[in-house]
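Reader: I would like to learn how to read a model of this kind carefully, feature by feature. Could we go through it together, with the general idea stated before each case?

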Amino acid sequence: MKYLFFVILILVFDNNLIAKELIVSEIKNKIENVDIYGNKFILHKNYIIKNGDFFKTKSQNSYFVFDNVKICLSKNSSIKFREIKNKNIILEHIKGNFLVNKIKNKSLKLEISIYKRLIFDVKDKLYINQFSKNKFILRSFFGLSYKPFFSKKTFKLKKNTTYKYDVNLKETKVSNILKDPLIMNCLTDKKITEADKNYSFTCIQNEKRLVCGYK
């Protein structure tokens, strides 16, 4: 009985075994939320993020912060909290431009799901732009790991490198990527607004090559 008592105490007080609540501490601009039950409301400060929450923006770049993690969404973008388990989170990137900035949090494990691909080892910053159906560009700032679902093979992505997914994920060059207003503002203390010059992302077919960039 004595040992059972100590086991119960460990289970009650061990923070690693208790699911931490993800509480929204800061918001900029309007973000709509649809929860797992279909309830619709505007995201607000002190909201506890739950499994299945679907966040979307409309006409403005926006961001929210929880547990020292800053999530920035460009206008007309959406994400879903697909799984929250203890300190492990899987975010599904559904539409638009998305940037995650893990400010000081090293203990929280964050993974990103996109088109049945999984991006993990998100230790610092990650930017994704879905520019077309089943196509996206990904900017690795600190280095990441990537793999398709149902595959044992993983790929290590280089830091400060841009990749383009179109059937396969390959290194690519995208002009002016760091001038995207979402990157410029999300990684600084500036307000999350459209920049003076609004850089839009486009891809142009040049003979057999697809040339992409911000202009």
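Reader: Which residues does T57 touch, not counting residues up to four places away in sequence?

Author: A contact means heavy atoms within 4.5 Å, and by that rule T57 touches K30, I31, S62, L73, S74, K75, N76 and S77, with residues up to four places away in sequence not counted. Before going further, note that this is a predicted model, in which local features need pLDDT of at least 70 and side-chain atom pairs count only at pLDDT 80 or more, while totals for chains, interfaces and linings use all residues. Residues are numbered from 1 along each chain as its sequence is written, and side-chain values use heavy atoms, with hydrogens and water left out.

Reader: Where is T57 found, and is T57 buried or exposed?

Author: Helices (H or I, at least four residues) and strands (E, at least two) are DSSP runs, numbered from the N terminus, and T57 is found in the loop between β5 (54-56) and β6 (62-66). Buried means under 20% relative accessible area, exposed over 50%, and partly exposed in between, computed with a 1.4 Å probe on protein chains only; T57 counts as buried because its relative accessibility is 4%. The side chain of T57 also reaches the backbone nitrogen of N76 at 3.2 Å. The C-alpha atoms of T57 and G96, which are 39 residues apart along the chain, are separated by 9.6 Å.

Reader: With what does the side chain of S113 make a polar contact?

Author: A polar contact is a pair of N or O atoms within 3.5 Å; within protein, one must be able to donate a hydrogen and the other to accept it, and residues adjacent in sequence count only if both atoms are side-chain atoms. The side chain of S113 makes such a contact with the side chain of R82, at 3.0 Å. S113 lies in strand β11 (residues 109-114), and S113 counts as buried because its relative accessibility is 3%. K87, by contrast, is partly exposed, with a relative accessible area of 25%, and is found in the loop between β8 (78-85) and β9 (88-95).

Reader: What is the order of the strands in the open sheet?

Author: Strands of a sheet pair through backbone hydrogen bonds, either parallel or antiparallel. Two strands pair if DSSP finds at least two bridges between them, and here an open sheet of nine strands has the order β3-β2-β5-β8-β9-β11-β12-β15-β16, with mixed pairing. Because β3 (40-42) and β16 (155-157) stand at the edges, each with a single partner strand, one side of each is left without a neighbour in the sheet. The twist averages 25° from one strand to the next, where axes are lines fitted to C-alpha atoms, for helices over the stretch in contact, and angles run from 0 to 180 degrees between N-to-C directions.

Reader: How many bridges join strand β12 to strand β15?

Author: Four bridges join β12 (residues 117-120) to β15 (residues 144-148), and the two strands run antiparallel; the bridge partner of F120 in β15 is S145. Strand β1 (residues 22-28) pairs with β4 (residues 48-49) in the antiparallel sense over two bridges, I23 having I48 as its bridge partner in β4. Strand β1 also pairs with β6 in the antiparallel sense, over four bridges, and there E26 stands opposite V65.

Reader: Which residues does a disulfide join?

Author: A disulfide is a pair of cysteine sulfur atoms within 2.5 Å, a rule by which the count comes to one, and this disulfide joins C72 to C186 with an S to S distance of 1.8 Å. C72 lies in strand β7 (residues 69-73) and C186 in helix α2 (residues 181-186), so the pair ties together parts that are 114 residues apart in sequence. The torsion about the S-S bond of C72 and C186 is about 80°, so the disulfide is right-handed. C72 counts as buried at 0% relative accessibility, and C186 is buried with a relative accessible area of 1%.

Reader: What is the mean pLDDT of the chain?

Author: The predictor's confidence in each residue is given as pLDDT, from 0 to 100; the chain has a mean of 82, and 80% of its residues reach 70 or more. Over residues 3-19 pLDDT stays under 50.
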